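This briefing looks at a ligand site and at aromatic ring pairing in one protein model. Please keep the sequence and the 3D view open while reading.

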Amino acid sequence: MPRIHDGAAPPDPEHGPAAELRFAVVVSRFNDFVTAKLLDGCLDHLLASGASDDDIDVYWVPGAFEIPLVAQTCAQSGRFDAVICLGAVIQGETDHYRLVVDEAARGIARVGLDTGVPCIFEVLATQTVALAVARAGGEAGNKGEEAAQAAIETIRVLRTIT
Ligand code: INI
């Protein structure tokens, strides 16, 4: 049988899969009626998975465009096992939103690859406010929770390699 590594946590009722892991959450203030809910979902999931408040730092930035630089500084600091990036880019009347989300995606991906620290991309890019709200604790779930789970699993799968 091959060895399968998927980062899915074995049940650990005492500690949880995120115990003793350290997280930076970088969240943009632009569209904060959406991003604050993503943050709530993310923090709830980290804490429910065994992370402690002392091991989580939240950094607010003005907009999604500013996320990569702050994420990079977090990743390079050596203080975090993963950086979780949360934002909401909603289509406006111009193409500005497309430039913002493309640069956020490119920058966040680069931070992970350049530093080796998992850098989770949860910048919503939607055509309408309603679609963003639905993904931030509405009928389509909370993408902030999914981001937290992605961070935990990515840390764990990397640790099976190194
Ligand atoms: N920032 C966002 O996070 N979401 C958006 O929808 C958005 N739009 O559409 O303009 C946005 N713009 C601001 C941008 O992220 C920077 O903060 C700004 O350009 C200053 O660098």
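How do the residues of the shell around the ligand divide into nonpolar, polar and charged? Eight of them are nonpolar, four are polar and one is charged. The model is a predicted one, and the values below are computed from it.

**Ligand surroundings**
- The ligand is surrounded by 13 residues, and the closest among them are Ala-64, Phe-65, Glu-66, Ala-88 and His-96.
- The largest pocket is the space that the ligand takes, and the elements that contribute two or more residues to the shell around the ligand are strand S3 (82–90) and helix H3 (96–115).

- An N or O atom in the side chain of Glu-66 lies 2.5 Å from an oxygen atom of the ligand.
- The backbone also takes part: a nitrogen atom of the ligand is 2.9 Å from a backbone N or O atom of Ala-88, while a polar backbone atom of Ile-90 lies 3.1 Å from an oxygen atom of the ligand.
- On its own the ligand has 460 Å² of accessible area, of which the protein covers 75%.

**Aromatic pairing**
- Searching the whole structure gives one aromatic pair, formed by Tyr-59 and Phe-80 in an edge-to-face arrangement, with 6.3 Å centre to centre and 85° between the planes.
- Because Tyr-59 belongs to strand S2 (residues 56–61) and Phe-80 to the loop between helix H2 (67–77) and S3, this pair ties together parts that are 21 residues apart in sequence.

Methods: Residues numbered from 1 in each chain as written. Predicted model: local features only at pLDDT ≥ 70, side-chain atom pairs only at ≥ 80, totals over all residues. Heavy atoms only, no water. Near = heavy atom within 4 Å. Polar contact = N/O pair within 3.5 Å; in protein donor to acceptor, adjacent residues only side chain to side chain. Areas by Shrake-Rupley, 256 points an atom, 1.4 Å probe, with all protein chains shown as cover. 1 Å grid on protein atoms, 1.4 Å probe; cavity = no way out; pocket = protein on both sides within 12 Å on 5 of 7 lines; lining within 4 Å. Sits in = over half its atoms within 2 Å of the grid points. Helix = DSSP H or I, 4+ residues; strand = E, 2+ residues; numbered from the N terminus. Nonpolar A, V, L, I, M, F, W, Y, C, P; charged D, E, K, R; others polar. Phe/Tyr/Trp six-rings, centres within 6.5 Å; stacked < 30°, edge-to-face > 60°.
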